[in-house]
Structure formats: structure tokens, C-alpha cells
Amino acid sequence: MLETTWFVLWGVLWAVYFMLDGFDLGLGILKPFLARNEEEHRIVMNTMGPFWDGNEVWLLTAGGATFAAFPGTYAVMFSALYTPLMLLLFALILRGISYEFREKEDVGWWRKTWDTSHFVGSLLPALLLGVAFANIFAGIPIDREGIFHGNLLTLLNPYGLAGGVFFVLLFSVHGALWLANKAEGALRERAQHTIRVLWIALTIVAVAFLAFTWFATSLWQNLLARPFLLLLPAVAVAGLLGTRLFVARRELWKAWFASCATIVGSTLFGVAGLYPALLPSSLDPSYSRTAFNTQSSPLTLSIMLGVALVMVPVVIAYQSWVYYRFKDPVTVKSLALEDLY
Amino acid sequence: MDVVSLSRLQFAVATYFHFLFVPLTLGLSILVAIMETIYVRNGDEDYKRAAKFWGKLFVINFAIGIVTGITLEFQFGTNWSRYSAFVGDVFGSLLAIEATVAFFLESTFIAVWVFGWKKLSPKAHVSCIWLVALASNMSAFWILTANAWMQHPVGYTIRNGRAELTDFMAVVTQKFAILEFIHTIGGAYILAGFFVVGISAWHLLRKNEVQLFQKSFRVALAFALVFSIFEILQGHMNAEILGTTQPAKLAAMESHWETGRGVALNLIQWPDAANERNSIQAMPIPRLLSLLGFYDPNAEIRGLREFPPDERPPVLPSFLSFRAMVGLGFFFVAVTAWAWFRRERIMNSPVLLKILVWSIPLPYIACQLGWTLAEVGRQPWIVYGVMKTTDAVSPIAATQVGLSLIAFILVYGLLGAADFYLLFKYARKGPVPILAPAAAGREVIHA
């Protein structure tokens with residue numbers, strides 16, 4: 001029971017991370033195309049400014065929870081995926097620094113450097129996380145000892161790449177929706193136009209990815225064994241349709257929340273389909289790392305559950321407060337006020 | 001090089017680099033919070049501008065501290081997977097708790113503080129920086145508790161081929177953890193104090209914003225003085241506890257070879273590890289080592305020869321880092337005490353001000369030395385007495401680690417250079433000048 005609870009929590013942490021940092025990553029990918037001048041660059045950056053750091057901590061918490069609750073999985077997952085995780089790490093480092101450094105020097109090449117590293121630092125995590133999760137859904141070649149028999153190219157298989165493209169598009173739409181809500185004027189119009197175009201691409205890729213998933217993984221089969229879980233892909237699909245519907249009706253916050261539903265639904269669909277595995281082996285199912293062969297002791301799981309049940313709601317409460325306090329659109333005028341301090 | 005050496009080197013690079021930025025975060029958050037609190041309570045605009053000025057430096061420093069912290073969490077899994085699988089039950093939970101109770105708070109409220117000057121009431125705004133200070137120091141507590149467990153494992157049993165938690169409270173309340181935490185944050189406060197004192201001194205030498213920098217100087221000097229004295233008295237306890245918890249580290253840092261009673265402390269000595277002796281040994285103070293270690297002039301201190309050669313830490317780095325750290329510790333007391341007695345006449349003490357400017361890097365060095373002693377002195381163990389470092393490494397290819405190590409050196413080198421460049425630039429620039437209302441209006445239009 002404890003193991004299953006932690007498995008669910010593990011999935012929820014990832015889902016929340018993708019939902020929150022998803023818009024930062026997506027907007028980072030789109031910024032070079034949406035922002036046409038210095039002012040717009042700064043507006044786009046500042047729509048994420050008060051949030052991105054807190055959002056990224058959900059990733060660290062998901063990683064930390066893997067370490068604490070399923071150390072056997074954490075050890076194998078992180079060492080098997082060494083190269084992609086190092087790339088993810090460097091990308092996140094560059095992204096984080098770009099937010100802080102970009103404005104600190106008023107020289108063209110300096111800003112371009114940080115704009116580029118912000119773009120790479122946003123695109124690469126979206127892509128890598130998609131590739132990594134698709135590979136996890138399909139299983140990776142790990143043996144009994146947890147040794148990985150492959151390299152980076154093993155992970156860049158068609159299904160893995162499809163997962164990467166899916167994440168990039170999913171986050172891009174999510175980010176464009178955020179901007180459409182948080183900016184005004186031309187920037188908002190451009191964001192809405194981008195959403196309408198990208199939504200078509202996203203829908204095609206999403207359908208293809210879901211179909212591909214039928215052949216490349218056993219997620220659907222696992223889900224069909226517990227039909228109530230089909231609610232999860234249903235939420236994802238409803239979210240995707242809802243996004244477009246609300247955009248057409250110019251109800252942009254509702255569209256953003258619908259996009260949240262797509263992300264959470266997709267993530268939980270994948271995670272539920274994995275159960276009880278956290279990292280399936282493609283060599284032999286008995287080598288898979290699961291919630292029942294890599295978990296921590298009942299004592300540790302109980303203590304951590306106590307901490308999570310108290311602290312996660314507290315975190316959600318104060319982060320919601322921050323989102324509420326900074327809900328107003330970022331404009332040229334508000335930028336000037338911020339700088340005056 | 002093999003995977004173990006490369007992974008150790010990579011961990012050393014990542015940790016040293018990370019800890020160039022962490023101590024300033026721990027200490028400067030408190031100093032900024034104090035300055036902003038003074039402003040909120042008595043309305044002195046100097047303190048508001050000071051809080052903004054130091055806050056800007058804080059944020060530049062904070063950014064790198066945060067992102068390089070991610071590296072450490074990743075590395076336990078990527079490079080030390082056998083360690084992670086073996087200790088995750090105890091160690092992993094401490095890291096996860098750190099993220100949930102501290103890191104979220106820190107990362108969320110620093111942004112609110114930066115973006116909230118106009119959006120929040122002064123009281124709510126100053127609360128944010130206090131939350132950041134609280135959270136970063138809580139974060140240090142959990143991380144150091146995890147490290148203390150590697151230094152002195154307690155509250156666990158070996159079951160199912162791994163270390164399993166049996167007593168959580170024993171892990172988080174053990175004396176070793178408390179001492180390590182206090183000593184580390186003490187060092188961080190000294191560093192932050194010297195940072196603010198030193199930069200203030202630089203501006204005072206140039207008669208720039210004298211009023212504001214005298215106020216900053218006062219606050220930070222008191223802070224640095226108190227914690228310099230505290231660190232010397234308290235640091236003794238960290239050495240003393242090694243007598244019972246890590247005798248090999250104690251012997252290595254004192255370069256003490258032969259087990260004996262009533263051991264002297266040599267003021268001058270130089271270890272010769274190959275021949276298991278000291279090549280230079282002079283000015284002994286009789287029985288002092290026994291007295292310091294066990295409060296008994298006749299106490300027995302175990303020498304390095306008692307440990308098999310493959311269970312001794314590298315002697316020279318342990319010895320040198322310890323001596324240099326302690327030497328710096330005494331220097332910090334001396335220079336802050338001197339400055340305290342001259343505080344009313346500080347503008348007439350250019351030599352002292354110059355010394356204070358040049359002292360800024362010294363606490364940085366002391367902090368790095370402290371970690372060198374803690375980590376090198378623990379070798380060959382990753383968990384003292386339980387797991388050797390060589391048994392902890394991931395089953396991965398050396399080329400992978402070699403490439404990532406090169407990438408770390410390049411990326412960290414560039415980021416470090418950019419960060420210190422910005423710190424210097426904004427430190428020299430000084431606080432934003434007070435604008436006349438008309439000028440302020442123009443600024444809005446041109447921003």
C-alpha cells in the first residue's frame with residue numbers, strides 16, 4: 001500500500017512539474033520567434049520571472065522523491081541515462097543563469113548570448129524529458145545488475161524521438177497560452193496566432209504518439225486491465241479539445257487550464273500504464289525496476305509520506321498565493337516600475 | 001584515469017564550485033534582511049537603498065548557487081549509483097525533505113522579493129527576504145545532516161544488503177550533524193560579513209556614499225566579529241568530536257603517527273607520509289593535543305600507524321587544510337576586533353580599510369579548506385567505516401565521465417567568470433543614485 005501510494009505521488013510530482021515548468025520551457029522555446037524587440041524580450045522574460053525558479057523545484061522534488069522512495073530505481077535510472085541527464089543538467093543551468101544575467105549588461109552580444117542559452121536551455125529539457133519518458137514507457141536495455149546496454153543513440157529511437165517532439169509541442173502551446181494571458185497588444189495577438197498553428201501540429205503528433213504507444217509499449221494493455229484508468233487519457237484528450245475551443249472563444253485562462261489538463265492527463269496516463277514498474281527493462285521484464293523491488297523501507301516511506309502530506313499542500317498554498325499576487329499582465333509600464341527600485 | 005578517479009574529480013569540481021556561492025547566500029540573506037528590517041522599522045532610506053544594493057549582489061550570487069546545486073543531486077545517481085542504492089533509504093530522504101521544506105520556500109520567495117518591491121507592503125516584502133534567509137539556512141541543515149551521516153552514520157542497520165533507517169531522530173539530532181551545521185553556517189556568516197565589510201571599505205576609501213556604506217559596514221562588522229569569535233570557540237568542538245568518531249581523520253589532520261598518551265602539539269611540523277613520520281617537527285607544546293582532544297592532558301590519541309595504510313586519509317592535504325583554516329580563523333578574529341575598536345574612526349584608517357578589502361577572498365578560502373578536510377579526511381570511506389568510495393561508483397564508462405568532466409570545467413569556468421565579473425561590476429557601481437522626481441519621470445519613459 002505504501003509502495004503504491006508513493007508510486008502515485010511520484011507520478012503526481014512529475015505531472016505537476018510538467019504542468020508548471022512546461023509553460024516556462026515552452027515560452028523559452030518560442031521567445032526567439034515571438035519577441036521582436038528588446039522590450040518584448042523583457043516582457044516575455046518577466047512573465048516567467050516570478051515563477052520559473054519555484055516551478056523548477058518540482059523537478060528536484062520529483063528527483064528527490066525517486067531517490068528517497070525508490071533508491072534502487074533512482075540509482076539505475078540516473079546512471080543508465082547518464083548522458084541525457086548531463087545534457088539536461090547543463091541545459092537547466094544555462095536557462096537558470098540566463099534569467100538572471102541577461103539584464104545585467106546592456107551590450108548586444110551579452111544579451112544575445114543569454115538569449116541563445118535561454119532558448120537552448122528551454123528546448124533541450126523539453127526534448128530530453130520527452131525522449132527519456134518515451135523510452136521509460138517502452139523500456140530500456142538494463143540487465144539484472146542495472147547496467148545499461150546501449151548509448152545515447154539507443155534512446156534516440158523513433159518512439160523516443162516522437163515523445164520528444166510531443167513534449168516540445170505540448171510545452172510550446174502551453175507557453176504560448178501563458179504569454180497570451182500575461183502580455184498585451186501585438187505580443188498577445190502573436191501568441192494567439194501561434195497557438196492556433198501549433199495546436200494543429202500538436203494534435204497530429206499527439207494522436208500519432210498515442211497510436212505509436214499501442215505498438216511500442218504496453219501502457220494501453222495495462223490501462224485496459226483497470227478500465228477506470230482510461231479516464232486519464234480521456235482527460236488529456238478533453239483538455240486538448242478544450243484548449244482550442246476556449247482559444248476560439250477568447251477565454252484564454254480557461255484555455256491555459258485546459259492545456260494543464262492535457263499535460264497532467266498525458267503524464268498520469270503514462271505513469272499509470274507503467275505501474276508497478278518505474279523503469280522497465282526491455283531485455284527481460286524480471287530486470288525491471290518497480291515499486292516493489294526498489295522501494296525504501298516501510299519506516300522511510302512512512303516518514304516521507306508524512307512530510308509530503310504536510311508540506312506539499314503548504315507549498316501549493318504559497319505558490320498559489322504567488323501566482324495570484326503576480327496575476328496581472330506584464331506591460332511596458334510595469335517593466336519601467338520594476339526597474340526603478 | 002578510471003571511473004572512480006574521474007567521478008571523484010568531477011564531484012570535487014562540482015562541490016567546490018557550488019560552495020563558492022552557497023556561503024554568501026546563507027549569510028548575505030540575513031544581512032539584507034536585517035538592513036531592510038531597519039528601514040521598515042525606522043524609515044531610514046539609506047537602509048532601503050543598502051538592502052537593494054546588497055540584494056542585487058545577493059541575487060547575482062544566488063542564481064549560480066541554485067543551478068549548481070542541481071548538479072549535486074543528479075550526481076549521486078549518475079556517478080555514485082551503488083552508493084545511492086546502498087544508502088538511499090537514509091540519505092535520499094534527507095535530500096527529499098530538503099527540497100520539500102526548504103528549497104521550495106527559498107526559490108519561491110526570492111522571486112517574490114525581487115519582483116515585489118512595488119507589489120507588496122513593506123512588511124510583507126521584508127518577510128519575503130526573511131523567509132529566504134530562513135529557508136536557505138534550513139536547506140543547509142538538511143544537506144549537512146546528510147553529509148554528517150556519511151561522516152558518522154547512526155540510526156541505521158544493514159538489512160537487505162543496504163543501510164536501512166531505524167531511527168530518524170538519531171540521524172537528525174546527532175551531535176556530529178548539529179556541530180557540522182553550526183560550524184558551516186558560522187563560516188558562511190563570516191564570509192558574508194567580510195564581503196559586506198570589504199566592499200563597504202572599498203567605497204569608504206573612495207568617499208563614495210559614505211553614510212550608506214558606514215551603516216552597512218557597522219551591521220556587517222558586528223556580524224563578522226561575533227561569528228569569527230564564535231567559530232574559533234565552536235570549531236574546537238568539531239575537532240574534538242573526531243577523537244571518538246573519526247580517529248583516522250584526527251590523526252591525519254594533526255599528522256600524528258604514533259599512538260600515545262599525553263601527546264604534544266607541534267606548532268611547526270611537516271608530514272612525510274611515505275616514511276610514516278614527520279620530516280620537520282618543532283616547537284612542541286607538551287600534552288596540548290591530548291588536552292584539546294579529550295580535556296585530559298594524559299589522554300590517549302591514536303596515531304596513523306595504527307590504521308592499515310589503505311584506511312588512512314591522504315595526510316598532507318588533511319594536515320594543510322586544517323592548519324590553514326585554523327590560521328585564517330584566528331586572523332578573522334584579529335582583523336574584525338581591530339576594526340571594531342577603530343569603528344568610530346574608520347574613515348581615518350585607510351590601511352585597515354585596505355586590509356579589509358583584500359580580506360574578502362580569505363573566508364572563501366577558509367570554507368573550501370574546511371570542506372577539503374571534511375571530505376578528503378574521510379577517505380577512503382564514502383560512508384565512514386561502512387562503505388568505501390571505490391565501491392560506490394556507477395557501472396558506467398570512463399569516457400562518459402571524462403566528457404562530462406570536461407564540460408563541467410568549461411561551463412563552470414565560463415559561468416564563474418561571468419558571475420564574478422558581474423559581482424565586481426555591481427559592487428563597484430554602488431547603489432542606484434537617488435533620483436530627483438523629474439529625473440525619475442524621464443527614467444520611466446526611457447526604461
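The charged end of B:Arg206 sits over the ring of B:Trp202, at 3.9 Å from the ring centre; a charge counts as sitting over a ring if NZ of Lys or CZ of Arg is within 6 Å of the ring centre and within 35 degrees of the ring normal. The charged end of B:Lys388 likewise lies over the ring of B:Trp381, 5.1 Å from its centre. The model is predicted: local features need pLDDT of at least 70 and side-chain atom pairs count only at pLDDT 80 or more, while totals for chains, interfaces and linings use all residues. Residues are numbered from 1 along each chain as its sequence is written, and side-chain values use heavy atoms, with hydrogens and water left out.

**Aromatic pairs**

- Over all chains there are 68 aromatic pairs, where rings of Phe, Tyr and Trp (its six-membered ring) pair if their centres lie within 6.5 Å, and planes under 30 degrees apart count as stacked, over 60 as edge-to-face and the rest as tilted.

**Chain A**

- A:Phe51 and A:Phe326 form an edge-to-face pair, 6.5 Å centre to centre with 90° between the planes.
- This pair links distant parts of the chain, 275 residues apart: A:Phe51 is in the loop between helix H2 (38–48) and helix H3 (52–69), and A:Phe326 in the loop between helix H13 (298–325) and helix H14 (332–339); helices are DSSP runs (H or I, at least four residues) numbered from the N terminus.
- Both A:Phe51 and A:Phe326 are buried, that is, under 20% relative accessible area (1.4 Å probe, protein chains only).

**Chain B**

- The ring centres of B:Trp54 and B:Phe213 are 6.2 Å apart and their planes stand at 90°, so this pair is edge-to-face.
- B:Trp54 in helix H2 (residues 45–78) and B:Phe213 in helix H7 (residues 210–240) are 159 residues apart, and their pair links distant parts of chain B.
- B:Trp54 is buried because its relative accessibility is 0%, and B:Phe213 is buried with a relative accessible area of 0%.

Notes: Chains lettered and ligands numbered in written order. Helix = DSSP H or I, 4+ residues; strand = E, 2+ residues; numbered from the N terminus. Buried < 20%, exposed > 50% of the residue type's maximum accessible area, 1.4 Å probe, protein only.
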